Amino acid sequence: MRKQFFILGFTLLIITALVYYYLKIGFLLLVILPILLVIGYYNSVQKKHAILRNFPVLGYARYLFELIAPEIQQYFIERSTDGKPFSRNERSLVYQRAKNIDSNTPFGTQLDLNQNHYEGIKHSIFPSVVNEDLPRVWVGGADCKQPYHASLLNISAMSFGSLSENAIMALNKGAQKGHFYHNTGEGGLTEFHLQGGDITWQIGTGYFGCRTAEGTFDAGKFSEKSNLPSVKMIEIKLSQGAKPGHGGVLPAAKNTEQIAKIRGVQPNITIFSPPSHSAFKDSKGLISFIKELRTLSNGKPIGFKLCIGDTAEFESLCIEMIAADCYPDFITVDGAEGGTGAAPLEFSDGVGMPFEPALIFVNKTLIAYKIRDKIRVIGSGKIISGYAVLRAIALGADLCNSARGFMFSLGCIQALRCHNNQCPTGVATQDKMLMKGLVVTDKFERVFHFHKNTLHAANELLAATGKTSFADMDISIFMRGDEFSHLSDLYFPDNLRKHTTLQ
Ligand SMILES: Cc1cc2nc3c(=O)[nH]c(=O)nc-3n(C[C@H](O)[C@H](O)[C@H](O)COP(=O)(O)O)c2cc1C
């Protein structure tokens with residue numbers, strides 16, 4: 001194609017020059033064509049991009065379409081129930097709740113309910129009265145001196161670095177207004193987190209914010225920050241659903257001077273946190289570390305976050321806890337479908353247990369080892385609606401976190417640009433110009449309303465089941481499509497007669 005490009009290019013140039021010479025029209029073309037020929041020449045001799053080498057100017061169309069593919073998909077192709085990871089309907093629900101406008105839908109469901117994967121709640125003939133107070137639960141076991149009264153829905157871990165400073169400030173101010181907690185993520189506790197909202201301070205393998213010059217855990221720095229009044233709980237990050245077994249990734253484009261200074265790393269290079277902790281290597285070590293953090297923080301709730309992988313390892317951890325008679329105050333269970341700012345695809349798509357089986361496993365294992373009453377279970381994995389909150393509680397969580405739900409409340413449009421610093425809504429970028437689009441004074445109200453309206457919807461669903469407390473929820477509250485054939489055996493009239501007095 002190179003040859004054709006130059007033949008066509010020079011022919012056009014000669015024709016344009018002649019037309020301009022005789023008719024005095026086509027001046028612009030006469031300027032543009034030589035520029036295109038120079039670009040074309042450059043591309044045809046460069047060795048990096050095969051497409052541009054073969055199609056010296058047309059090749060750019062491919063890059064353009066690739067760049068706008070998510071937008072084309074979202075605006076022209078996607079249907080209301082499509083869209084990944086979140087459908088248009090799911091995103092709209094969050095936007096409406098965040099804006100505090102009507103979130104009811106017209107005409108009926110768009111889902112095909114007669115499918116095996118349908119899942120619904122068994123409502124009661126006698127619904128209870130909807131509780132107007134938003135549900136809360138205490139976190140803090142026997143060794144905790146400063147238990148925390150947490151909301152049932154909170155902001156999941158997302159670092160400053162992954163999110164912009166405006167996003168962090170809006171989240172924190174929203175958390176303050178709605179009295180729920182804001183998890184810092186592993187990037188450290190910064191001034192942007194200290195806007196008055198309750199904080200769960202997350203400690204990852206990079207120990208950002210409590211890190212020695214060598215990158216190991218610094219007890220002095222930890223003690224200083226963990227004792228700040230805003231810090232209500234501390235979470236040790238073992239793994240996260242989107243990339244279990246892989247450390248955090250801060251792409252070079254987002255590693256600004258400011259962030260590098262906060263994290264104590266070199267700017268403008270990609271920072272990979274190590275996959276494992278240097279402060280401990282096994283279950284015993286983790287339990288000692290929990291003890292140490294509890295002492296250093298003067299008894300604040302200490303927990304850990306993980307995505308379940310090898311179930312036997314989790315069981316051994318339970319056995320170690322019992323042997324040491326030391327328990328975390330909470331365990332956060334993150335599903336493999338969880339989100340991230342940046343992760344290798346192999347890890348996002350192919351490592352770790354999804355939320356539903358993981359939560360059921362953790363809950364049942366803690367019950368089996370008779371330690372469930374000592375530990376709160378926090379669930380995170382696509383919790384963006386009242387239904388998802390109720391479902392998480394029924395499957396075994398005591399409270400929930402949402403990351404991408406709160407991102408949507410800030411205006412995230414699922415542009416899938418968190419990793420390259422080009423987030424168009426200013427949520428997941430460090431580009432000062434883009435983040436200006438996110439106005440903290442407007443968006444914090446949305447964060448507040450999303451939380452409030454979602455929990456209110458959860459309260460309404462609870463009332464529909466006829467129950468009055470989330471503590472009464474369990475897995476039996478659900479029916480699934482694949483049960484219907486089984487149910488029909490049990491309850492259709494012919495069988496009913498066998499089981500009842502209808503004979
Ligand atoms: C932009 C972004 C950044 C994240 N950063 C962290 C992090 O620093 N630490 C962590 O444990 N999880 C992190 N997560 C994972 C979330 O906290 C959460 O566990 C996961 O996304 C599942 O929740 P979701 O489905 O509500 O998003 C991040 C997620 C996103 C989307």
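Helices H13 and H16 cross in a right-handed manner, a crossing being right-handed if the near helix is turned clockwise from the far one by less than a right angle, and left-handed if anticlockwise. Helices (H or I, at least four residues) are DSSP runs numbered from the N terminus. The model is predicted: local features need pLDDT of at least 70, side-chain atom pairs count only at pLDDT 80 or more, and totals for chains, interfaces and linings use all residues. Residues are numbered from 1 along each chain as its sequence is written.

H13 spans residues 386-395 and H16 residues 440-464; their axes lie 7 Å apart at an angle of about 60 degrees. Axes are lines fitted to C-alpha atoms, for helices over the stretch in contact, with angles from 0 to 180 degrees between N-to-C directions. H13 and H16 are therefore oblique to each other; angles under 35 degrees count as roughly parallel, over 145 as roughly antiparallel, 65 to 115 as roughly perpendicular and the rest as oblique. On the H13 side, Gly 386, Tyr 387, Val 389 and Leu 390 meet residues of H16 including Leu 455, Ala 458 and Leu 461, where contact requires C-beta atoms, placed from the backbone, within 7 Å. This contact of H13 with H16 comprises eight nonpolar, two polar and one charged residues. Ala, Val, Leu, Ile, Met, Phe, Trp, Tyr, Cys and Pro count as nonpolar, Asp, Glu, Lys and Arg as charged, and the others, Gly among them, as polar.

H16 also packs against helix H5 (residues 88-99), the two axes coming within 6 Å and crossing at roughly 110 degrees. H5 and H16 are therefore roughly perpendicular to each other. Val 94, Arg 97, Ala 98 and Lys 99 of H5 face Arg 446, His 449, Phe 450, Asn 453 and Thr 454 of H16 in this contact. Its residues divide into three nonpolar, three polar and three charged.

Helices H10 (residues 311-324) and H12 (residues 355-368) pack at about 35 degrees, with axes 11 Å apart. Their crossing is right-handed. Thr 311, Phe 314, Glu 315 and Cys 318 of H10 contact Phe 361, Thr 365 and Leu 366 of H12.

The ligand is surrounded by 29 residues, the closest being Ala 157, Gly 185, Gly 338, Gly 339 and Ala 403; a residue is near a molecule if its C-beta atom, placed from the backbone, lies within 6 Å of it. The shell around the ligand has six nonpolar, 17 polar and six charged residues.

The protein chain is divided into domain 1 (2-67) and domain 2 (136-480), with bounds from an automatic or database domain assignment. The domain centres, taken over C-alpha atoms, are separated by 52 Å.

Notes:
Helix = DSSP H or I, 4+ residues; strand = E, 2+ residues; numbered from the N terminus. Contact = placed C-beta atoms within 7 Å.
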